[in-house]
Amino acid sequence: MRLPDKLRAAALAIILTWGWKRAMLALVAGALSALAMAPFNAWPVLFLTFPIAVWLIDGAAAGRARGVPAAALSGFWFGLGYFVPGLYWIGYAFFVDAQTFAWLTPFAVLGLPAYLALFTAFGFALARLIWPRDASRVLALAVSLTISEWLRGHVLTGFPWNAFGYALSEPLALAQTASLVGLWGMTFLAVAIFASPAVLIDGFSRGRRPWLATVTAVAVLAAMLVFGAVRLSLQPTQMVAGVKLRIMQPDLQQDAKFNYAAKAAVMQKYLTLSDRASGPHSTGVSDANILIWPESAFPFFLTREADAMAQIADLLPRGTVLITGSVRAPDVPAGVRVTRAYNSIYVIDHDGSVLSIYDKLHLVPFGEYLPFQEWMEKLGFMQLTKVVGGFIPGTVRKPLDVPNAPRALPLICYEAIFPANVVERDDRPGWIINVTNDGWFGISTGPYQHLQQARMRSIEEGLPMVRAANTGISAVIDPLGRTVAQLGLGIEGVLDAGLPAAIAPTIYARIGNIPAAVIVFVAFAIVLWRRFARRKT
């Protein structure tokens, strides 16, 4: 039996599969798809799993209501298979305080993926609703999943973690296309390219050329590689003159970060580590003019602890500033107990004065606040950070003024995973500062995925990113996504580096998601035209 015949036989078996076997097939295909994300980046597996998705939708036609419910069910199982292994590390956070939260682990590890899988189910259902019978059904799946992934990134504050477009993050040359079309354009391209082999099973009747879709997809992939290689070669990393960074990565256990009794030990560790020599010619923090500490660095309100501020002032030489995450108390009258707080970034001068403050805008659901906070607290629930009433969201994101350096755009933790919500077009900064605490998630795939997504923001915007993470991965990334310096996961140490210079605003930075929207609209029009043309013949 020739290869095309074997492929048709395998595809036909998938198309005709029904019941629990169909669910298991979708579940396994989704789970294998998770290998396309960091740290594995095994994106060729999608050439196997996305065609299976196409064939599952083909086979859904045997169901009632034009196969839409059957397609949705396949999409749910595919999504559940994708999100459980992709997000298993969320369960680690519930063991930081196991006595309080461990019982919630199954709900987090299975519940969140089940919720996210609803969006994949919607994507499959929408695809079935507009499904043509020819090769353009690959475009139908790409359009539908791009829409459903966009919705996943926005509904209920959004959670676009591991969007399919991140499969094209490695090699770096592939990722450069994000400078043109952003994450959602990359998502469309990923689905269309990887699903294309599905139509190789189509016959040659009525002038069909089933190989054309796959050849076109491979050509697009090659064009992306060439574009990226040329872009990388024409724009080498340039550094900002006179700016020397030092990133402190304490690798601090998560329970210590929220234990006030550990105040002195935590502070001493930060001070000692920040001034540690990093090489034979290093003289410690005096080598840098910007020292950076990670998110929520202290188990106390920093600016309310005069001794801590004095220690920072003693540490910093003249001309050096500290950029640090910290929980910030709101302004309340003297004697009033503080119950809620901001998750913030401070810029602190060598004399201990606060130069700039940024309060986190995009809070983490269930981590920093509870949906329907008051009602859920009455039922006995609390978010992982145990702040009664939840953290207070900030009101505006604007670049921070940093002495002797370009202005920096602040992003705290997972704010870096949201595209097109990063840089104001009329107030462009010179770099992005991302402080985070991935210590919640242990030594797992989570921090690698977080870094992968943060790096995409640099490529989209043409801005360098400096990332300080409690347990790693801290990194300095240039505006094309190249890693200038990096400190690995689970390592205590300091990272010394220069600051890469920004490049001219990318097409994506100038016009946002318009190119991606145009691509999706044109593809949608082609799909509808093919459906109409099929009905006329």
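The structure is a predicted model, in which local features need pLDDT of at least 70 and side-chain atom pairs count only at pLDDT 80 or more, while totals for chains, interfaces and linings use all residues. Residues are numbered from 1 along each chain as its sequence is written, and side-chain values use heavy atoms, with hydrogens and water left out.

The protein chain contains 18 helices and eleven strands. Both are DSSP runs numbered from the N terminus, with helices being H or I of at least four residues and strands E of at least two. Of the 537 residues in the chain, 58% are buried. Buried means under 20% relative accessible area, exposed means over 50%, and partly exposed lies in between (1.4 Å probe, protein chains only). Among contacts with a separation of 6 or more, 71% join residues 24 or more positions apart. Contact here means heavy atoms within 4.5 Å.

Two strands count as paired if DSSP finds at least two bridges between them. Angles run from 0 to 180 degrees between N-to-C directions, and axes are lines fitted to C-alpha atoms, for helices over the stretch in contact.

Strand β1 (residues 239-249) pairs with β11 in the antiparallel sense, over seven bridges. Arg-246 stands opposite Asp-496 in β11. Leu-245 has Ala-497 of β11 as its bridge partner.

Leu-322 and Ile-292 are 30 residues apart in sequence, yet their C-alpha atoms are 5.7 Å apart in space. Not counting residues up to four places away in sequence, Leu-322 touches Leu-291, Ile-292, Trp-293, Ile-312, Leu-316, Tyr-346, Val-347 and Ile-348.

A second open sheet has five strands in the order β6-β7-β8-β9-β10, again with mixed pairing. Strands β6 (408-412) and β10 (483-487) stand at the edges, each with a single partner strand, so one side of each is left without a neighbour in the sheet. The twist averages 10° from one strand to the next. Strand β9 (residues 474-477) pairs with β10 in the antiparallel sense over four bridges. In this pairing, Ser-474 stands opposite Leu-487 in β10. Helix α16 packs on the sheet and touches β7 (431-436), β8 (465-469), β9 and β10. The direction of α16 makes about 160° with that of β8.

Two glutamines of α16 were examined. Gln-449 is found in this helix, which covers residues 446-461. With a relative accessible area of 3%, Gln-449 is buried. Leaving aside neighbours within four places in sequence, Gln-449 is in contact with Ala-38, Gly-86, Trp-89, Trp-161 and Asn-162. Gln-452 also lies in α16. Gln-452 is buried at 7% relative accessible area. With the same exclusion of neighbours within four places, the contacts of Gln-452 are Met-37, Ala-38, Asn-41, Tyr-166 and Ser-169.

The axes of α4 (residues 68-87) and α7 (residues 105-129) come within 6 Å and cross at roughly 145°. The contact of α4 with α7 has 21 nonpolar, four polar and one charged residues. Ala, Val, Leu, Ile, Met, Phe, Trp, Tyr, Cys and Pro count as nonpolar, Asp, Glu, Lys and Arg as charged, and the others, Gly among them, as polar.

Helix α8 (residues 137-152) has 12 buried residues out of 16, so α8 is largely enclosed by the rest of the structure. Among these buried residues are Arg-137, Glu-149 and Arg-152.
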